[in-house]
Amino acid sequence: MSVEDPVVITCSISGAVADRKQCPGIPYTPQEYGAEARRIVDEGGSMIHIHARTPEGVPSYEIEDFRAITEAILDQVDDVIINYSTGAIGVALEKRIAYLRELRPDVAALNMGSMNFAKYSKQRNDFVFATVFENSFQTIITLLEAMNEFGIRPEHECFDSGHIANLDPLIDKGLLSGPLQISCVMGVTGGIRPSARNLAHMSEQIPGGADGPNNWGVIGISRQQWQLVAAALTLGGNVRVGLEDNFYLPNGEMARSNGDLIAKARQMTEDVGRRPATVAEARAMLGVQRS
């Protein structure tokens with residue numbers, strides 16, 4: 001790996017589960033999203049993954065909340081790749097497609113398999129929450145066909161190696177065109193355990209291989225994030241950090257903003273002899289045209 005292998009650094013800016021009681025830096029209002037976006041891009045981030053919220057901080061799937069947040073972000077930065085979440089439990093598929101149809105983000109996340117989805121607390125000796133995350137092939141194909149129709153590039157979020165294999169029939173059906181964008185999500189109870197060895201295994205399952213034409217990266221959940229970021233950077237992948245996934249810097253200090261997390265990811269990128277991709281480079285790598 002070298003500076004000739006730029007890294008797409010993505011920020012998961014807010015998420016839909018945690019709130020300010022847990023981390024004061026989580027943005028709620030469009031203006032706060034915009035200020036965070038400025039910090040993210042200044043520190044080397046090139047893509048922002050968005051879960052919408054109301055100005056009061058309540059998770060939202062409404063077109064107008066996605067619109068207000070997106071406009072506030074683009075008002076603060078010259079360019080950044082906009083990536084919308086489409087994952088949800090108990091939210092109608094058509095409602096999730098509606099904001100894609102109306103707003104046409106550059107990228108939309110596409111969860112690649114159904115799974116148990118939970119958070120477990122050893123201190124409580126119990127689950128904080130436990131549910132089933134439905135992402136059947138029917139759901140995946142419906143979302144993918146919508147993305148193709150609207151000119152949106154999918155980001156394939158894979159919580160286990162079998163989810164990567166779920167790409168195979170979609171490729172065979174001609175529903176996907178390269179370069180693919182594949183994210184290995186690690187550390188969710190119900191998915192693959194977060195370790196460097198498991199990330200190496202998942203990277204080897206990427207269509208065309210880890211060093212092939214498709215893009216892959218890691219999404220590490222909770223404090224194991226930094227070990228996984230280090231592994232991905234060494235293996236040649238991209239990385240995602242942000243307050244949706246983890247609140248803490250490697251020294252245990254809580255991040256004041258997403259900018260703190262992106263700055264650490266940038267430093268780690270440079271420490272292994274690589275560099276952050278510019279937004280223009282990230283667009284070229286991911287096959288995303290500027291609108």
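# A tour of salt bridges, rings and pockets

A search of the whole structure finds 18 salt bridges; the term means a side-chain nitrogen of Lys or Arg within 4 Å of a carboxyl oxygen of Asp or Glu. This is a predicted model, in which local features need pLDDT of at least 70, side-chain atom pairs count only at pLDDT 80 or more, and totals for chains, interfaces and linings use all residues. Residues are numbered from 1 along each chain as its sequence is written, and side-chain values use heavy atoms, with hydrogens and water left out.

## Stop 1: salt bridges

Select Lys95 and Glu62. Their closest N and O atoms are 2.8 Å apart, and the two form a salt bridge. Lys95 belongs to helix α3 (residues 93–103) and Glu62 to the loop between β2 (47–50) and α2, so the bridge ties together parts 33 residues apart in sequence. Helices (H or I, at least four residues) and strands (E, at least two) are DSSP runs, numbered from the N terminus.

Colour these two side chains by accessibility. Lys95 is partly exposed, at 33% relative accessible area, and Glu62 is partly exposed too, at 40%. Here buried means under 20% relative accessible area, exposed over 50%, and partly exposed in between (1.4 Å probe, protein chains only).

Next, select Arg240. Which side chains meet Arg240 in a salt bridge? One is Glu157, at 3.4 Å from N to O. Glu157 is in strand β7 (residues 153–158) and Arg240 in strand β10 (residues 238–241), so this pair links parts of the chain 83 residues apart. The other is Asp245, with an N to O distance of 2.8 Å.

Arg240 is buried at 5%, and Asp245 counts as buried at 5%.

Now select Asp78, Asp79, Asp106, Arg283 and Arg290 together. A network of salt bridges links these five residues. Keep Asp106 in mind for the last stop.

## Stop 2: aromatic rings

Show the Phe, Tyr and Trp side chains. The structure holds nine aromatic pairs. Rings of Phe, Tyr and Trp (its six-membered ring) pair if their centres lie within 6.5 Å; planes under 30 degrees apart count as stacked, over 60 as edge-to-face and the rest as tilted.

Select Phe117 and Phe133. The ring centres are 5.5 Å apart and the planes stand at 70°, so this pair is edge-to-face. Phe117 sits in strand β5 and Phe133 in strand β6, 16 residues apart, and the pair links distant parts of the chain.

Phe133 is buried, with a relative accessible area of 7%. Phe133 and Phe159 make an edge-to-face pair, with 6.3 Å from centre to centre and 85° between the planes. This pair also links distant parts of the chain: Phe133 is in strand β6, while Phe159 is in the loop between β7 and α5 (161–165), 26 residues apart. Phe159 is buried, with a relative accessible area of 6%.

Phe117, Phe129, Phe133 and Phe159 form one aromatic cluster.

Two further selections show a charge over a ring, a term that requires NZ of Lys or CZ of Arg within 6 Å of the ring centre and within 35 degrees of the ring normal. For the first, select Arg20 and Tyr28: the charged end of Arg20 sits over the Tyr28 ring, 3.9 Å from its centre. For the second, select Arg223 and Tyr248: Arg223 lies over the face of Tyr248, at 3.7 Å from the ring centre.

## Stop 3: the largest pocket

Switch to a surface view. On a 1 Å grid over the protein atoms alone, a pocket is an open set of points where a 1.4 Å probe fits, with protein on both sides within 12 Å along at least five of seven lines; lining residues have an atom within 4 Å of a point. Grid points are joined across faces, edges and corners, and a volume is the space filled by probe spheres set on the points.

The largest pocket has a volume of about 1600 Å³. To find its centre, select Ala118, Lys119, Phe129, Val188 and Ile221, which lie nearest to it among the 49 lining residues. Elements giving two or more residues to this lining are β4 (107–111), β5 (115–121) and β6 (126–133). β5 gives the most, with five residues.

By class, the lining of the largest pocket has 22 nonpolar, 19 polar and eight charged residues. Ala, Val, Leu, Ile, Met, Phe, Trp, Tyr, Cys and Pro count as nonpolar, Asp, Glu, Lys and Arg as charged, and the others, Gly among them, as polar.

## Stop 4: the second largest pocket

Select Leu74, Arg104, Pro105, Asp106 and Ser291. Of the 21 residues lining the second largest pocket, these lie nearest its centre. This pocket holds about 360 Å³ of space. α2 (63–76) and β3 (81–84) each supply at least two lining residues, and the largest share, three residues, comes from α2. The lining has nine nonpolar, four polar and eight charged residues. Asp106 also belongs to the salt-bridge network with Asp78, Asp79, Arg283 and Arg290.
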